[in-house]
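My plan is to go from the whole chain down to single residues and jot down what I find.

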Amino acid sequence: MALCPAFDPGAPYVAAMLALADCQSQGIAEDGWRALAGGFGPALTALLTIAVALLGYRLMLGERLDPPRAATLMLRIAVVLALCTQWSAWDALAFRIGTQEPAALAATVLAPGGLGGGDGAAITARFDRLDDQIGAIAAIVAAPAAVAGSPDATPAAPPPTMALLSTEDQHQLLSARRIITVTALAGLIAVRAALALLLALGPLFAASLLFAQTQSFFAGWLRAMAGAILAAVAIPMMLALELAVVEPQVGALAALLDAAQPPGDAVVRLWETAGVFALALPALVLALARAASALRLPVRADAARARITAARIAGEWPAP
């Protein structure tokens, strides 16, 4: 895998951070799988030997292996061998689905004209543009105060914006700017990091399919992957909804200040909007995690059969 470019502090902040996170997360996911798959051969051979030996032991004790169970066992072995040893299979079944498809689906949903914005710009570009707009308003307001505080400054009448925005409004404006940027980056980067870690450790969880008692580990990994993929699609939609509210608010605030009109509650409403979406984003992630936790694999039937077989051997369960 090619090395990721270094972070450029002079580039647009949100776009540069997300580009670096995308490159690093894909590298971690791919390199992690290759590292595990490269050193997993002897361990996988041992696990396969144990799985076959346990099956033979149960057959020796009188357990019947019906055709459906035999087919299921062979299918599990084939899936484990494919996911743990073949990059082409892993790439098609897990890697691309976890790293590329959520962003493509979100981009398709966020079409221009709706939540995607009127000009069709990427969501990262819209956040950078919004950050620049709020920063420009804050700079216009803060510049006269810095000049007035200089001992060599020539006394001059403050511009209208200096008189229209109070000190509290200035602090709330800068606080809203920070909340908006941090919320966007935290949501977008966190889901990429989660997917990268899950994909990097995928072979370990895939190998748990070999045994009925450990299939719940694979089911848990699958639920976590489903929740992270849903979050990777839903978080950009939530952030696009935030932009649909905040962008007009910032535009209206700039228009009021340009016209030397009192801002009223515009700054307070902007701060409140930023706070609402900062709280709504974790709630969305929790709801998606709850939805993904409903995913179940048919592992309980095999576990029940194993318990019944053990009870029959011990004489505690009547034979059919």
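Predicted model: local features only at pLDDT ≥ 70, side-chain atom pairs only at ≥ 80, totals over all residues.

Here are my entries, in the order I looked things up.

**Entry 1: what kind of model is it?**
I looked up the confidence, and pLDDT averages 81 over the chain. I also see that 79% of the residues score at least 70.

Over residues 143–149, pLDDT stays under 50. The model has 4 contacts beyond four places in sequence for that stretch. Residues 155–163 also stay under 50, and there the model has 9 such contacts. I'll read both stretches with care.

**Entry 2: the overall layout**
What is the chain built from, helices or strands? I count 12 helices and 0 strands. Going along the sequence, I just write α over and over: α-α-α-α-α-α-α-α-α-α-α-α.

The chain has 320 residues, and buried ones make up 35% of them. Its accessible surface comes to about 17200 Å². Carbon and sulfur atoms account for 68% of that surface.

I also looked at how far along the sequence the contacts reach. Taking contacts between residues at least 6 apart, 80% join residues at least 24 apart. One pair I looked up is Ala254 and Gln133, which sit 121 residues apart along the chain. Their C-alpha atoms are separated by 8.4 Å.

**Entry 3: the nonpolar core**
Next I went inside. The largest nonpolar core has 61 residues. Which of them touch the most other members? I got Trp90, Phe127, Leu173, Ile180 and Leu210.

Several helices supply at least two residues each, among them α1 (13–39), α6 (123–148), α8 (167–200) and α11 (266–292). Which helix gives the most? That's α10, with 16 residues.

I picked Ile180 to follow up. Leaving out residues up to four places away in sequence, Ile180 touches Phe127, Leu130, Ile134, Glu242, Val246, Leu270 and Ala274. I like that Phe127 turns up on this list, as Phe127 was also among the core residues with the most touches.

**Entry 4: salt bridges**

- Glu30 is buried, at 17% relative accessible area, while Arg34 is partly exposed at 39%.
- Arg96 and Asp91 meet at 2.9 Å, N to O. Asp91 is buried, with 12% relative accessible area, and Arg96 is partly exposed at 45%.
- Arg269 and Glu272 also make a salt bridge, at 2.9 Å, N to O. Both are in helix α11, 3 residues apart, or about one turn of the helix. Arg269 is partly exposed at 40%, and Glu272 is partly exposed too, at 34%.

**Entry 5: a nonpolar patch outside**
Back to the surface. Leu115, Leu241 and Val245 form a nonpolar patch there. Together they have about 210 Å² of accessible area. Where is Leu115? I found Leu115 in the loop between α5 (101–109) and α6. Its relative accessible area is 35%, so Leu115 counts as partly exposed.

Where does Ala260 lie, in a helix or a loop? Ala260 is in the loop between α10 and α11. Is this residue buried or partly exposed? With 35% relative accessibility, Ala260 goes down as partly exposed.

Key:
Residues numbered from 1 in each chain as written. Heavy atoms only, no water. Core = buried A, V, L, I, M, F, W, Y, C linked by side-chain atoms within 4.5 Å. Buried < 20%, exposed > 50% of the residue type's maximum accessible area, 1.4 Å probe, protein only. Helix = DSSP H or I, 4+ residues; strand = E, 2+ residues; numbered from the N terminus. Contact = heavy atoms within 4.5 Å. Patch = residues over 30% accessible without salt bridge, like charges linked within 9 Å, V, L, I, M, F, W, Y side chains within 5 Å. Areas by Shrake-Rupley, 256 points an atom, 1.4 Å probe, with all protein chains shown as cover. Salt bridge = Lys/Arg side-chain N within 4 Å of Asp/Glu carboxyl O. pLDDT = per-residue confidence, 0-100.
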